[in-house]
Amino acid sequence: LAAAILSTSFSVRTPNDDTKPLDYEFAIKAEKSEGDFTWSFKRDWERELGEKYEDNVWKFNQKSGILYGGLDYVDKESKDIKYITYNLGLVHKSGFKAGLSVKDNEPLLSSGFKLKTKKDDIEYNFDLSLKTDFENNNIYNVKSEIKKWFGKFNIFGLYKHEYYNKKEDFQFKVGVGVKL
């Protein structure tokens with residue numbers, strides 16, 4: 001768990017239907033984003049228009065030289081998005097990657113770009129991932145995050161957009177994190 005980051009966020013909003021109770025979302029996340037072996041576990045509990053949902057996203061990645069391999073497990077009840085991909089490919093030190101992903105025994109072209117920069121106590125992360133068979137299976141993810149560190153604690157702003165076969169999940173969050 002060395003260099004692991006734990007974070008949480010909570011939001012409350014008025015629903016689009018005034019007859020329903022307030023919508024909310026509570027999220028916890030543990031991740032290790034540095035080094036050759038990275039992982040992320042995230043769970044959300046939310047209520048939207050009176051319906052309760054649990055969302056889970058787990059990712060594991062191993063890099064060895066220019067090769068990478070990994071697994072993405074996404075189960076978002078709230079958006080009816082569920083899939084597992086197994087990933088293998090090449091990664092360049094500049095952050096570009098290209099390879100093959102397999103979802104439900106179907107091969108997908110996988111490509112992406114990652115940028116991570118830190119100056120003083122400000123950290124910025126950008127991640128773009130595209131997986132497609134150019135027909136029925138299309139998974140696009142964009143994530144942008146900025147963190148302001150105060151010792152082991154941070155305040156973050158997160159923009160995330162996931163597109164999965166005509167289903168979308170868009171999020172903007174502000175939260176607090178702590179580095180163990």
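Good morning. Please keep in mind that the structure shown is a predicted model.

Let us begin with the secondary structure. The chain contains 12 strands and 0 helices. Along the principal axes, the C-alpha atoms fill a box of roughly 55 × 45 × 25 Å.

Next, the interior and the surface. Of the 180 residues, 38% count as buried. The accessible surface comes to about 10900 Å², and carbon and sulfur atoms contribute 60% of that area. As for charge, there are 30 positive and 29 negative side chains, and the centres of these two sets lie 6 Å apart. Among contacts with a separation of 6 or more, 31% join residues 24 or more positions apart.

I now turn to lysine 131, which lies in strand S9, covering residues 122–132. Is lysine 131 buried or exposed? Its relative accessible area is 5%, and buried means under 20%, so lysine 131 is buried. Which side chain makes a polar contact with the side chain of lysine 131? The partner is threonine 85, at 3.2 Å. Leaving aside residues up to four places away in sequence, lysine 131 also touches several others, including Asp72, Asn87, Ser101, Leu108 and Ile139.

Thank you for your attention.

Key
Residues are numbered from 1 along each chain as its sequence is written. This is a predicted model: local features need pLDDT of at least 70, side-chain atom pairs count only at pLDDT 80 or more; totals for chains, interfaces and linings use all residues. Side-chain values use heavy atoms; hydrogens and water are left out. Helices (H or I, at least four residues) and strands (E, at least two) are DSSP runs, numbered from the N terminus. Buried means under 20% relative accessible area, exposed over 50%, partly exposed in between (1.4 Å probe, protein chains only). Contact means heavy atoms within 4.5 Å. Accessible areas come from the Shrake-Rupley method with a 1.4 Å probe; for residues, only the protein chains shown count as cover. Lys and Arg count as positive and Asp and Glu as negative; His and the chain ends are not counted. The place of a charge is taken as NZ of Lys, CZ of Arg, CG of Asp or CD of Glu. A polar contact is a pair of N or O atoms within 3.5 Å; within protein, one must be able to donate a hydrogen and the other to accept it, and residues adjacent in sequence count only if both atoms are side-chain atoms.
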